[in-house]
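Look through the structure below, then follow the text chain by chain. A question opens the tour.

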Amino acid sequence: MVTTARLGGADVAGRAIATRPAGSRRSGRAYRRLSVFVIVLGAGLIAAPFAFQMFQRAPKGASMLTEFKPFMTTARLDGYQHEIAVIGAGVDQVGSSVGPYLQQAAGTASLAGAYPSYGQLASQWPAIDQKMTSLLDKVQGNLGNYRDVAALPSFSLFPWFFVIPGILMLGSGLVLLRRRRTGVVVLVAVVGLGLVLAPVAFQMFSRAPAGGHMMTAFRDIETTANVTEIQDDFSVMASGQGAIRLDIVPALESAGLSQPQIAERFPAVDALDADWIHILNDMTPMIGAMSDNVPNYQAMAALPPFALFPWFFVIPGVLLLGAAGWIGLRLPESTAGAAGATEEEKR
Amino acid sequence: MRRIVSIAFLAALSFAAAACGGSSTTATTTGGQALVGTFTLSPGSCSGSSPTGTYFRMITPGGSVSKGPFFSNPDSVCPDKTYTLATPGTDGGFLTGSYQPDPTPTFSSDGSSLAGRIVAPQAFTAINFGISTNPVDPQTRLSVPAPSISVSNGQLSGQIEAWSASWNNQYFNQGSPKPDGSHPGLTSPVSGTYDPTTRAYVLTWASEVVGGPFNGFTGYWHLQGIFEPRSS
């Protein structure tokens, strides 16, 4: 079946109508190529989310951003830094003050020997402290980047930002291939303009690279190996704190000190005991979120670099605008001069 | 016509049997006898050379059920603090054929579990954990059946998908199989022994924690006690 829609001097099959001038025939061929170009661009936009597995990956990115939200505040991150400092001060004071006191008062030669769980914490604490502090510094340093990327539209919507304009373009291109419609050309221009303006409206040129920086910073954090290390460190902290709470403080009491005296002489140890449950309340959900989001991070990291995202909109948008402009400039002349153009086309 | 009458008769018979209930042991599809009632729990003890009664251990990621390494609970009363002993809760143990849900609220202000029907809440690194079975698993949000255990030739089997530990304002499914029917990592089927004369039982299983701060850890559960059939 041959469609014989009129295209300003050429039918859809490109056959020149004998009565039409050569310029009009050239214009018709170019017009048809541009229509095909719009179709290809639309198909490309539709295909992109599938090629990048955005429908699977982008919602995981959205989940990650949502699940990190409760932790990504200055107050919460400062709180974690404070908690690490409380643990560190308590562990240090046990070694520097409680140990000598118990040695003198109760003849305990070595706290680490008498209380192996404390000994393990004391020996591993410098490394744990460095790791946790470095991790928190890194997260805190990316708070602004997180906020930027979280301020973008939900990642779950991202695939649709490609598919919907893609469908509009594909449809427009198919219509244009059959008939010259001013309205369709306008639609192509609007879609193109939308694609160009969307990244500007959503501040993607600043926010997307910020998200990229955050992803780079979290590369060493959101790994199964790192989370397992943190879980191991947590085990050491919990055991060691338990030894302080359940063995060493009672040993001080056995040596004759009352609770108020312990608090006065060893305030850092007292503070660690007093804060421990709060520290657990605070820290374990963070470890949980880190662990749960390893696959989400990996899915997000498998997407194209964030900094490129605005260009994924702008480049097709500019191309569309150019195509629409080109067609638009020729539309009145072509339709007006086309022999056999319908009244509708002339309008 | 005769076929319809036969089917109606069988249906009526089945309905009557179900309505009468009362029987605590019924044949299962696997050929064993379902034990419906309360698996009362003997308190855990570390007095012997190895722990007895009801206890729990947590295996760290990459470990094995037999060799560990195990998470050390400083609040354990055992010399080997990798064993956390349990004492029976207000129901005396766990029920088969029905749920023992989390209370509302489930947690105290410090995150300690208030779920105390199956076992009395036990301290785990300063915060109490509790056990419950709920129609909807609180961690995975999946519907799960009530626990069911059956015996065949003195060997116990079954499912305990709904077994849920609550600790520090968080939930950890500790069932086997897991609520989606899988057996990830070291998760092992429920198994054990049952003496029909004394009704003494031992039930064990392992269940990997999936998700949350203890993701990849595995809980090993050793339950021991006497089975009390549900009275008719």
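Over how many bridges do strand E9 and strand E12 of chain B pair, and is the sense parallel or antiparallel? The model is predicted. In it, E9 (residues 127-133) and E12 (residues 163-167) of chain B pair over 5 bridges, in the antiparallel sense. One pair can be named: Thr133(B) has Trp163(B) in E12(B) as its bridge partner.

The order E8-E9-E12-E13 in chain B describes an open sheet of 4 strands, with antiparallel pairing. Strand E8 (122-124) and strand E13 (170-173) of chain B stand at the edges. Each of these edge strands has a single partner strand, so one side of each lacks a neighbour in the sheet. From one strand to the next, the twist averages 35°.

Side chains follow a simple rule here. In a regular strand they alternate between the two faces of the sheet.

Strand E2 (residues 33-35) and strand E10 (residues 148-152) of chain B run antiparallel and are joined by 3 bridges. Leu35(B) finds its bridge partner in Ile149(B) of E10(B). E10(B) also pairs with strand E11 (residues 155-159) of chain B. That pairing is antiparallel too, with 5 bridges. E10(B) and E11(B) form a hairpin with 2 residues between the strands. There, Asn153(B) takes a positive phi near 55°.

Now move to a loop of chain B. Ser112(B) lies between strand E7 (93-95) and E8 of chain B. Is Ser112(B) buried or exposed? Ser112(B) counts as buried, because 22 C-beta neighbours lie inside 10 Å. Leaving out residues up to four places away in sequence, Ser112(B) touches Phe107(B), Pro121(B), Ile127(B) and Asn128(B). Gln224(B) is 112 residues from Ser112(B) along the chain, and their C-alpha atoms are separated by 25 Å.

Chain A is built on another plan. Its secondary structure comes to 15 helices and 0 strands. Of its 347 residues, 38% count as buried. Consider the contacts in chain A with a separation of 6 or more: 84% of them come from residues 24 or more positions apart.

What lies inside? The largest nonpolar core has 85 residues. Those with the most contacts inside this core are Val94(A), Val98(A), Tyr118(A), Ile244(A), Ile248(A) and Val269(A). Helix H10 (residues 224-254) of chain A gives the most to the core, with 11 residues. Take Val98(A) as a way in. Beyond its neighbours within four places in sequence, Val98(A) is in contact with Gln93(A), Leu111(A), Ile248(A), Leu252(A), Phe266(A) and Val269(A). A second, separate core holds 42 residues, including Val38(A), Tyr146(A), Phe162(A) and Met215(A).

Finally, turn to where the chains meet. Here 19 residues of chain A are in contact with 19 residues of chain B. On the side of chain A that touches chain B, H10 and helix H12 (267-292) of chain A each supply at least two residues.

Terms used
Residues numbered from 1 in each chain as written. Chains lettered and ligands numbered in written order. Predicted model: local features only at pLDDT ≥ 70, side-chain atom pairs only at ≥ 80, totals over all residues. Buried ≥ 20, exposed ≤ 12 C-beta atoms within 10 Å, placed from the backbone. Contact = placed C-beta atoms within 7 Å. Core = buried A, V, L, I, M, F, W, Y, C linked by C-beta atoms within 7 Å. Pairing = 2+ DSSP bridges. Axes fitted to C-alpha atoms, helices over the stretch in contact; angles between N-to-C directions.
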